[in-house]
Amino acid sequence: MSNSQLLQKLASRLPLGICVVDELYNIVYWNDFFSDRLSSVAGDKQEKNLLTLFPQAAKFLQKKINSVFVLNNASFSYWEHRPHVFDFSSSRPITGEETAMYQNIEFFPLDIEDNQVKTVCLIVQDVTELASYYQAQKSLSEQLEHEHASLSLLNRKLETAQNQLLQSEKMAAIGQLAAGVAHEINNPIGFVNSNLQSLQDYNNKLLKLLSFYQKLTKKIGSPPYFALEQDMLKRQQFEFISSDLPDLINESIEGLERVAVIVKSLKSFSHVDSSDWQYANVIEGIENTLKIAANQIKYKAVIVRNYQENLPELYCQPMQLNQVFLNLLVNAAQAIEDKGEIKIDVSATDAEFYIVISDTGSGIAPQDMRKIFEPFYTTKPVGTGTGLGLSLSYSIVQKHKGEIKVASVLGEGTSFTVILPILSPESIS
C-alpha cells in the first residue's frame, strides 16, 4: 500500500470531520466522518455544495470560508458560541442516547497558488463529551451558588427573626417590670391621696375654727390682747397661709391624680395579658401610648388628633400594637429639630383600620426609604438608636396581616400609614 493510499485511509478513519471546499463552496473532498453523518442530514447525499447541504448554517459557513479566502488566515468556531454548526449526531453520546454533536471547527487555507487561496479545509472536532462535562460543572456551580444564596438569605432571615425575638422578649420583660412598678406605685398613691383628702377636710375645719376664734376675740377681747393677737397673726403670716394652704392641698391632690392616670396608662400599655389576641380600643391604646411618650413629645411637637367617631374595637395584640404606635410617635418627635406638629388620623372601613402618623420633621432621603425597615439600619447618630424600632413594627404589623406604608419629603416631613385588617378570632386560629 502506497503512502498516499495509507494517508487517504488514515484521513477517512480519523475521529475528526475533514471537508475541503473550493471558491464556490463545492466539496472537493470529505472523509467518512462527514459522509457517514449525511444520512441524518436533510438533503441529497450526492449534492456536493456545502451551503446547499447545510442551508441552516449556510450564512455562517459562507462568512467563515470567505474570511479564509480573502485574508489567507485561519478562522475558528467554538462550541460555547455556536455549538451545532453542522446538524450531526454525536459519536460520543454521554447518556447512551444519540445527542446533537457539540463542535469545534477550524477553517484554514489548504491549496495556495500565487498567494491566492484555492481551497479551504474544515476540521470538525466532536467535543460533546467535553461540553457535557463543562455544562454539568456549570450547572452544578450555578446550583451551588443558588443554594448558597438561598442559605445566605435564610441565615439573614434567621438573624432578623432572632433579633426581633430578642427585642420582643426585651419589651415583654420591660412590660412585666413596668406593670409591677405601676402596681407597687398604686398602693402609696392610694393612701397618700386618701390622707390628702382628709388633710383638706381637716384644713377646712381648722380654718373655720380659727375664723370663729378671730371673731370671738374681736367681740370679748380687751385691746391689749387684741393687739397681741394681731401681732402674732402677722408674724406667723396667718393671712398668707390661710389663703395658700388650700391651694397647696388642691395642687397636691391634682398632681396625685395625674400620677394615677400615668400609672394607669403604664399598666394598660404594658399589661402582660395584652400579648394575647383580644378585642381592644385602638384610640385608647394610642392615648395611653401618648401619655407614656409625653416626655419625649411635649417639648418638640403639638399633637393634632383626628379620630373617626364610633370606631369598632379591633381584634389584635394590644401590647404589640402599642409598641408600634410608640416607635412611630417617638421617631416622629425625634425627626423634629425644633418645634413642629405630629398629626394622628384614625379611621376605619368595614374591612380595615387606617392609622396615619405624620410629622413636620426633617423627612427621609430617597436612598434611605427602601432600607428603613431593615434590622439595625438607622439614620440617627451613633448611640441614639438601635435600628430595630421600625423593623420590629413592620414584623408586628405583618403578624396582624397588615402593612405599613411610608411617604416622605426631605425637609418637609414623613407620614407612616398603618393598615390593619379587621380580623376575627377564626381568621387567626
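Strand β7 (residues 120-126) is largely enclosed by the rest of the structure, because six of its seven residues are buried. The model described here is predicted. Two strands pair with β7. Strand β1 (residues 16-21) pairs with β7 in the antiparallel sense, over six bridges. Within this pairing, V21 has V120 of β7 as its bridge partner. Strand β4 (residues 103-109) also pairs with β7 in the antiparallel sense, here over seven bridges. In β7, L122 stands opposite F107. Strands of a sheet pair through backbone hydrogen bonds, and the pairing may be parallel or antiparallel.

A further sheet is built from five strands. This sheet is open, and its order is β9-β11-β12-β14-β13. Its pairing is mixed. Strands β9 (301-307) and β13 (403-409) stand at the edges. Each has a single partner strand, so one side of each is left without a neighbour in the sheet. On average, neighbouring strands of this sheet are turned by 15 degrees against each other, direction ignored. Strand β12 (residues 352-359) and strand β14 (residues 413-421) pair in the antiparallel sense, and eight bridges join them. S358 has S415 in β14 as its bridge partner. In a regular strand, the side chains alternate between the two faces of the sheet.

Helices pack against this sheet. Helix α10 (residues 318-335) touches β11, β12 and β14. The direction of α10 makes about 20 degrees with that of β12. Helix α8 (residues 282-292) lies across β9, β11 (340-348) and β12. Its direction runs at about 175 degrees to β9.

Helix α10 can be checked for its length. At 1.5 Å a residue, its 18 residues should span 26 Å. The end C-alpha atoms of α10 are 26 Å apart, which agrees. The helix is mostly covered, with 16 of its 18 residues buried. An α-helix has 3.6 residues a turn, so residues three or four places apart point the same way.

What lies at the centre of the contacts in the largest nonpolar core? This core has 38 residues, and I342 and I355 touch the most other members. At least two residues come from each of α8, β10 (314-316), α10, β11, β12, α12 and β14. Helix α10 gives the most to this core, with nine residues. Beyond its neighbours within four places in sequence, I342 is in contact with residues including I297, V302, V304, L329, A333 and I357. Another core, of 29 residues, lies apart from the largest one. Among its members are Y25, F33, F34 and F88. In soluble globular proteins, nonpolar side chains tend to be buried together.

S393 is found in α12. Its relative accessibility is 0%, so S393 counts as buried. Leaving aside neighbours within four places in sequence, S393 is in contact with V324, N327 and I404. H400 is found in the loop between α12 and β13. With 2% relative accessibility, H400 counts as buried. Its contacts, leaving aside neighbours within four places in sequence, include W277, C316, Q320, L420 and L423.

The structure holds 10 aromatic pairs. In one of them, the rings of F34 and F88 have their centres 5.4 Å apart and their planes at 85 degrees, so the pair is edge-to-face. F34 lies in helix α2 (residues 32-37), and F88 lies in the loop between β3 (75-77) and β4. The pair therefore ties together parts that are 54 residues apart in sequence. Both F34 and F88 are buried. W79 and Y102 form another edge-to-face pair. Here the distance is 5.8 Å centre to centre, with 90 degrees between the planes. W79 and Y102 are both in the loop between β3 and β4, 23 residues apart. W79 counts as buried at 7% relative accessibility. Y102 counts as buried at 17% relative accessibility, because buried means under 20%. One aromatic cluster is formed by F34, F54, F86 and F88.

Definitions and conventions
Residues are numbered from 1 along each chain as its sequence is written. This is a predicted model: local features need pLDDT of at least 70, side-chain atom pairs count only at pLDDT 80 or more; totals for chains, interfaces and linings use all residues. Side-chain values use heavy atoms; hydrogens and water are left out. Two strands pair if DSSP finds at least two bridges between them. Helices (H or I, at least four residues) and strands (E, at least two) are DSSP runs, numbered from the N terminus. Axes are lines fitted to C-alpha atoms, for helices over the stretch in contact, and angles run from 0 to 180 degrees between N-to-C directions. Contact means heavy atoms within 4.5 Å. Buried means under 20% relative accessible area, exposed over 50%, partly exposed in between (1.4 Å probe, protein chains only). A nonpolar core is a set of buried Ala, Val, Leu, Ile, Met, Phe, Trp, Tyr and Cys residues joined through side-chain atoms within 4.5 Å. The expected span of a helix is 1.5 Å times one less than its number of residues. Rings of Phe, Tyr and Trp (its six-membered ring) pair if their centres lie within 6.5 Å; planes under 30 degrees apart count as stacked, over 60 as edge-to-face and the rest as tilted.
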